[in-house]
Each structure stands twice: as structure tokens, then as C-alpha cells.
Amino acid sequence: MSETPPASGENALSAVWLPYTQMQTAPEPLVAARTQDTRIILEDGRSLVDGIASWWTACHGYNHPHIRARVAAQLDTMPHVMLGGLVHAPVRELSARLAALLPGDLDHSFFTDSGSVAVEVAMKMAIQYWLNRGVTGRTKLLSFRGGYHGDTLATMSICDPEEGMHSLFSGVFPEQVIADLPLDDARYEALDALLTARRGEIAAIITEPLVQGAGGMVFHTPDVLSRLRQLADKHDVLLILDEIFTGFGRTGTLFACEQAGIVPDMVTLSKALTGGTMALAATVARRHVFEAFLSDSPLSALMHGPTFMANALACSAACASLDLFEREPRLAQVAALSEQLCELLEPCRSLPHVRDVRVLGAIGVVELDAIEDMARLKAALVACGVWIRPFRNIVYLTPAFTISPDDLKILTDAVFRVVQDKAFRKPAREARPRGMT
């Protein structure tokens, strides 16, 4: 068989369909050859300081020997077995440890393979919770403007409806209830009135605690979470906190909800759950939610089961990651990192086209009026020896908690050097549609 020549303009990776990318116009992607600590080494030998920990996952840095050793040992014995009718030691250990770490009676973990699916499972649990209790009509989720919960069809329905990524699908997925976060008394009262008016429709409230990540790294105070817990209790709806981004230390506490002193009815986890090594996610429910699925009828069971859910390799990686949170001073490192980010990013505030500089835990954000040439800005960052992926109008840092002060300074110096370039400015009124880039 003769080999079909590549079409004009195709590169060596044309068979790979990249995320959040217009494949016709995208430049050829960089080829990563290996990772070490907080650096990505490219195939051409260049070493880039990773400023975003592979979408916020590699909290311990790359190639941590403890995680590698535990995964290797599990690989020797049993990499995977179906969880249908079977169970294994790694999933039992991980479930018990999550129950011990999470606040209150968040004791029951259902494992999936990605954050989006974990949120879908939470949505499904919330609706079936009411059905199992004999309550019909509660089929909608209440979420918030600026929120992001995933790219699958159901999760798109609870993202910001003006989100650039999902606007093409308007009218396709079920209509949910979208409101403003109760950031002040007026919006609290408006949300209270909305919940009163639609009490018989809403199964649960869902939000990202403390920071709306892909919606623009927008921060809010713990008091907002307390208000949501109050409203959920008042109107007898479930409260789901999407801690996929914020969980495992990113905001300064192991879980963001701890800062408000509340216990959600469900929490979703992923990303840093395995220390950035394996695909794994969890939807963790409180006891009363779990008990609503217990009966003599098979129709009351949660009929969901990803083929690779809770695979032994990923659960072993997650347990090893939790070991590191116990043995090594991760939260102290986050506190120090937060101070350093505040100090090192502050000079960006003096630039005329910078709208805001803000830091929360191990998250540092420089918000611009707009970005004129995103591709050029990304290339300029790589030329500075760093791997940072700006989106919308922000340049952000979410590095590994273990990053050295020297490497952090390389990152912040690169941010300052690149965002001060006038070539990337654009008037705010001409800003591009919202969405990940």
C-alpha cells in the first residue's frame, strides 16, 4: 500500500486533534520529551519552567519518586480490574482517606476518570436524590455567571451561558437556572427570591468555591460560600462545590470550603487528586445523599459505571499524593508561594494596560484590558523560557507547590517582560469573546 502524502500545510502531528485549538490556523505544537521537578524539557533540548503545573494538576512537581514508586509497585501486581462486583485495596484506602480529610460526613466517594464526568455524576445524583425520595419536578441545577464546570454536554449547561467556548450549543442542552453569585446583600436577596420562586424546580446549587477558574480566575470571599449554605438550607436544596481546581491546597487550605467552615452536600475532585500523574476524579457525597440511594429496589441505585473507574494505578497514585500532603509541608509551601507571588507580581500593576493583579494561595493573576495577539504572546513567553498559557484577557500562574524561589522569579519576570509589550494591547471594547484559549 502506498503512503498517502500529507495535505498541504500539514505537520508531523496532524493526526492529533488538540484541545481549545483551531487546527487550521494553529502553529505546530511544541514537543515535550520529558519532565523533571517543575520543568518541561522539549524534544529540541529547551527547558521551560512550568508556570501552570499542567492545568493545575502537578502540585508536587513532576516525577516525584514516591508517586512513581507506588504506581510501579501497583503495576507489578494489578494495574486495573473492573469495579463492577469487585473491589481492591487502593480504592478502599483512597475512599477511607478522602472521608477522613474532607469536612463533616462527606464519606462516600464515587470515582470517575475526569472532572467533567465527576460533575455530571453530581448532577445526576442531585436529581435522582429527589426522585428516590418521591419528589418530582426538581430537575434543574442553579449555577452562576462566570462559572465553568466542564465541556461535556450536561456540564456545558451549567457553565456561564455567555461563555465563548459553549455559545454554539445554545438550545441544545437542557436549560438550567443561572444567577449572580451573592457577592453583596442585594444579590443575596435576589438569589433568595429566585430560589423562592423556583423552589419546586431546583435540585441543587453548584459553584466553584473561592475562585471561578476558567471563567477568568475571579476570586470571591468565603462569606459567599456561607451565604450559599444558608440559602441551600433555607430552601431545602443540595449544595455542590466543584473543587476540581481548588481542592488539594491550591487556595491555601486543603479544600477551599474549609475557609468558610461549611460542609457541602457533595464535592467534586480531580486534577491534583493524583498529583498530576493519572486520570482520576471523584464525586463525594454526604451520608444523607448516599442513604437516599439505599432501598430494596434496583431502580433506586445509581446506574453509572465508567469502565476504568477507580482503576488501581490511579488510586495508588492518589494515595501516594495524599502521603506527600501528610509528610511534606505542602500548605506551608503554598503560604510562602502566595507571599512571593504577591511581591513578585506587584510591579505589573504599574503597567498602563493592566486592569488588576490578584493572588489567592498558589494562584497569581495579571488581568489585562485585553490581549491583541494571543499566539504571539504565548510564543514570547516560551522565548523567555517559561510555559504559561494565558486565556481571555489574563496571564496567570498556578505553579507546583514545590517550585523554587529562583524558578518562580523566572516566571514572574517573564510575565512582566511580556505583558508590558504594547503589541499585545487592545481596547477593552474590542475584547474577544470569552473562553479558554
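**Ground rules.** I number residues from 1 along each chain as its sequence is written, and I use heavy atoms for side-chain values, leaving out hydrogens and water. As the model is predicted, local features need pLDDT of at least 70 and side-chain atom pairs count only at pLDDT 80 or more, while totals for chains, interfaces and linings use all residues.

**Aromatic pairs.** I searched the whole structure and found 7 aromatic pairs. Rings of Phe, Tyr and Trp (its six-membered ring) pair if their centres lie within 6.5 Å; planes under 30 degrees apart count as stacked, over 60 as edge-to-face and the rest as tilted. I looked up Trp56 and Phe245, a tilted pair with 4.0 Å centre to centre and 40 degrees between the planes. Trp56 and Phe245 are both buried (under 20% relative accessible area, with a 1.4 Å probe and protein chains only). Next I took Phe391 and Tyr396: their centres are 5.6 Å apart and their planes at 75 degrees, so this pair is edge-to-face. Phe391 and Tyr396 are buried too. I noted that Trp56, Phe245, Phe391 and Tyr396 form one aromatic cluster.

**Cysteines.** I found 0 disulfides (a disulfide is a pair of cysteine sulfur atoms within 2.5 Å). For Cys59, the nearest cysteine sulfur is that of Cys319, 14 Å away. Cys59 is buried, at 1% relative accessible area. Which cysteine sulfur is closest to that of Cys319? It is the sulfur of Cys315, at 6.7 Å, which is too far for a bond. Cys319 counts as buried, at 0% relative accessibility.

Key
Buried < 20%, exposed > 50% of the residue type's maximum accessible area, 1.4 Å probe, protein only.
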